[in-house]
Amino acid sequence: MHRTVPVFLAVRELRFARARFALMGAVIALIAVLMVLLSGLSQGLVRDGVSGLQQLPVTSLAFSHGVAHDAAFTRSVITLDTVDSWSRQAGVAQAAPFGSALINARSSSGVEIDLALFGVDPGSFLAPKVATGSPLAAPDGIVVSSTAADAGLRLGDTVTVDRLGTRLTVVGVLAEQHTFGHVDVAYLPLEAWQAIHAGAGPGEPLSDRARQEITAVAVRGDDVDLAAGDAAAGTESMTLSESYGASPGYTAETSTLTLIQVFLYLICALVAGAFFTVWTIQRKHELAVLRALGAPTGYLLRDGLAQALILLLAAAAVGIGAGVGLGSLVGGGVPFALDVQAVAVAAALLVGLGVTGAAVAIARIAAVDPATALGGNR
Amino acid sequence: MNTPTETARQAVPTTGAHDPALLDGLFMQDVTMLLGDGDDTVRALDSVHLTVAPGEFAAVVGPSGSGKSSLLAVAGGLAVPNSGTVTVAGRPMTAASRRARTALRRDLVGFVFQSGNLLPALTALDQLRLPTRFASAGAVKRDPMELLAEVGMAGKADRRPHQLSGGERQRVGIARALVTGPRLLLVDEPTAALDQARSRDVVQMLARETRRHSVATVMVTHDTEVLQYCDSVYEMMDGALSRV
């Protein structure tokens, strides 16, 4: 009997003191709205920062030894022979050269666009699969992110690299967003990337050294001993997820937003704790009466927790609904992406920490003296 | 033929050797409770003896601070005395742990508080339904609606406390105390907030329900006008209890 979920009193109190609970629920709902917006912003920034990397079919990237981890994609320079060294490593299924560079360009239709150039061998496992157009093949062909197409870059458009005057033609468009450091990714053949990376304009000869330079070795394999591979090739490896930190501004942006989210969870726990502390103190006499009537402490604690859970779940649901609605109104200029799993985890944390805060307050029930129900104690 | 009270009085001597476990109703023997520390120690209960049989309606009068509330608290297992024996329906209220005393209180004791002390969020019917939800599986559970009808409140079963008069709140409080079939009914100043007519009405109802349900009832009161409805009257003075 005592182990039933005691919502009898909890639900009736929620209905009776609906104004007080609605006010509290509104605060929690607002926190949930903020949480959804921050989650969307966080996901949006992640997607803007590293979606191009996330969709690389690799398990690790080997950069030049001693390169600064937060700038590896722009500073690392290694030679092509390291690819062979990595191919021979145990567990490595595939290894291919990879080049990256950030450029400013202008399309034939006058669209100014920044691009993250990913130089890959068109025959390697890194070659992107296009949604429309042709795959990477032509020396001056590029395959661009779907978001570049959204920005006005069309199939067949010519893109001219600033200062160098190199002309690249959009031959294919990817199915999804591929961005790096908030810039649209454009895949191009490795030779074309090497020329741009070396600063060689159209018709200018490329040195033998420049023809050997790449940014990293892209590695795919299971149980690869990265340390052994690095020792053999003279490189410094990062797993794919570690390499996100090398994306410009990624670590600073994500850690700032994570910090804000952590504070939001703490605020939720404190707000719930403060509300249920006041609520428990206000009900002290009623609780004394209930305990005098023989209500077990466990029953009252479960009743209080059930009440907190109902309130938090309802408020979180309203807040998440409102947050998702507001999120859908966010314009394309703001990096915003809602991920069901991220919102679910955030909501679970919000409710979980809210209940924890409430539980600390509700634990006061155990200290209520039932004898205070007697006499004129009120 | 003897009334239940007379039978009980014959069976339960107020002094002498006897086994409390065999006694029904309330049995308190040589109960002493001290409150406070050091020089501030107050003898709230001073060697109290009290026996109330099933169906007996006992009143305890006395000035404020004389120990009346302490008597109710000890009888109902809300407080533990320093010495002495307290049993309800033969079950010890003093030796048990806090959890066990709560269980005994739940199954054996009903409380009627000042002004009813009803829960503001609950309707009259729900006030009675709530104790049945945490009563033990084997406990007696009376039909809440039937009990409300018994105290004349069936027509206001869906009203909340703020929608009821003081007398009506006390009627609901009495019904709530009886819903789990207690063996001991402890009543704390039931007429404190009522006028004379309503006070008489409430106390008459308590006397009626005491006999109808054959429950041992102890009522603490300041109101000497209602003592005529009680079977026995005791006076509490400085923690000492004496029969009037």
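In the predicted model, strand E3 of chain A is joined to strand E7 (residues 158–161) of chain A by three bridges, and the two strands run antiparallel. Within this pairing, Ala105(A) stands opposite Val161(A) of E7(A).

E3(A) covers residues 92–107. It also pairs with strand E4 (residues 112–120) of chain A. Nine bridges link E3(A) and E4(A), and their course is antiparallel. The two strands form a hairpin, with four residues between them. Gly110(A) lies in the turn and has a positive phi of about 90 degrees.

A further partner of E3(A) is strand E12 (residues 216–221) of chain A. Six bridges join E3(A) to E12(A), again in an antiparallel arrangement. Phe98(A) takes part in two of the pairings described here. In E12(A), Phe98(A) faces Ala216(A). In E4(A), its bridge partner is Val120(A). In general, side chains in a regular strand alternate between the two faces of the sheet.

The chain as a whole comes next. Chain A contains 13 helices and 13 strands. Its radius of gyration is 29 Å, whereas the globule rule gives 21 Å for 378 residues. The value for chain A is well over that of the rule, so the chain is more spread out than a compact globule. The C-alpha trace of chain A spans about 100 × 50 × 30 Å along its principal axes. Of the 378 residues in chain A, 44% count as buried. Contacts in chain A with a separation of 6 or more were also examined. Residues 24 or more positions apart account for 84% of them.

Chain A also touches chain B. The contact draws 22 residues from chain A and 24 residues from chain B. By class, the side of chain B that touches chain A has 14 nonpolar residues, together with five polar and five charged residues.

Conventions: Residues numbered from 1 in each chain as written. Chains lettered and ligands numbered in written order. Predicted model: local features only at pLDDT ≥ 70, side-chain atom pairs only at ≥ 80, totals over all residues. Contact = placed C-beta atoms within 7 Å. Nonpolar A, V, L, I, M, F, W, Y, C, P; charged D, E, K, R; others polar. Rg over C-alpha atoms; globule rule 2.2 N^0.38 Å. Buried ≥ 20, exposed ≤ 12 C-beta atoms within 10 Å, placed from the backbone. Pairing = 2+ DSSP bridges.
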